[in-house]
Amino acid sequence: MSRAAVPGLPSRYPIGEQLPALYAEDDFAQRFTSGLDTVLAPVFATLDNLPAYLDPRVAPADFLAWLASWVGGVDDPRWPVELRREATVRAMELHRRRGTKRGLVEALRLILGVRAEVSGDGGAVWSRTAGAGLPPAPAAEILVRVWPDREATVEADRVHELVRVLCPVHTVCRVEVLTGPPAGEGE
């Protein structure tokens, strides 16, 4: 429901009460300004509650997409409202971990409701010793294995799309969709 469509929403700041004394008893001026009060009441109510609009945990549901866009979060109107709120709250945290194994696992769990295991390092190597010989070349491929968690099934297309968006551009990611946790996974 749009905040502008709330019938009979009273204004906390009636214009008629703020007119000079000359118009305080003028019936026409009071009726005219009460019409403006009806139009301005949703604006004043929104401004009075502005901090709540900027907090995704309590913001109106129709405001979440806009908030998510501010913090670069993912918002899907098909999700339950509580999941949309959590995704928006955690967007900055996920951005700090973007491009890491942990960030990919957390994003897949939050956004798609799947569990994931990531192996491989995408071809990155380093040494603590200056001037040391190069270590052997690592596998340039990252393997992302996913299986159901919050949802009963895994939508492979959505997993592939999200992995493509979240993995660093220089890496090759291979996705395997499993029906359950891999052998040895204790969770």
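Entry 1: I began with Trp66 and Trp70, which are separated by about one helical turn because they sit four residues apart in helix α4 (residues 64-70). Helices here are DSSP runs of H or I with at least four residues, strands are E runs of at least two, and both are numbered from the N terminus. The model is predicted, so local features need pLDDT of at least 70 and side-chain atom pairs count only at pLDDT 80 or more, while totals for chains, interfaces and linings use all residues. Residues are numbered from 1 along each chain as its sequence is written, and side-chain values use heavy atoms, leaving out hydrogens and water.

**Entry 2: confidence.** I looked up pLDDT, the predictor's confidence in each residue from 0 to 100. The chain averages 85, and 91% of the residues score at least 70. Among the elements, β1 has the highest mean (92) and helix α6 (residues 91-96) the lowest (86).

**Entry 3: aromatic pairs.** Rings of Phe, Tyr and Trp (its six-membered ring) pair if their centres lie within 6.5 Å; planes under 30 degrees apart are stacked, over 60 edge-to-face, and the rest tilted. I found five aromatic pairs by this rule. Phe28 and Phe32 are stacked, because their ring centres are 6.0 Å apart and their planes stand at 20°. Trp66 and Trp70 make a tilted pair, with 4.5 Å between centres and 45° between planes.

Next I checked exposure: buried means under 20% relative accessible area, exposed over 50%, and partly exposed in between (1.4 Å probe, protein chains only). Trp66 is partly exposed at 36%, and Trp70 is exposed at 58%. Phe28 and Phe32 are both exposed.

**Entry 4: the core.** A nonpolar core is a set of buried Ala, Val, Leu, Ile, Met, Phe, Trp, Tyr and Cys residues joined through side-chain atoms within 4.5 Å. The largest one has 23 residues, and Leu104, Val144 and Val163 are among those with the most contacts inside it. I noted that α5 (81-89), α7 (101-112), β1 (114-119), β2 (141-148) and α8 (156-166) each supply at least two of its residues. Helix α7 gives the most, with six.

**Entry 5: helix α8.** Which residues of α8 are buried? They are Val159, Leu162, Val163 and Leu166. The face turned away carries the exposed Asp157 and Arg164.
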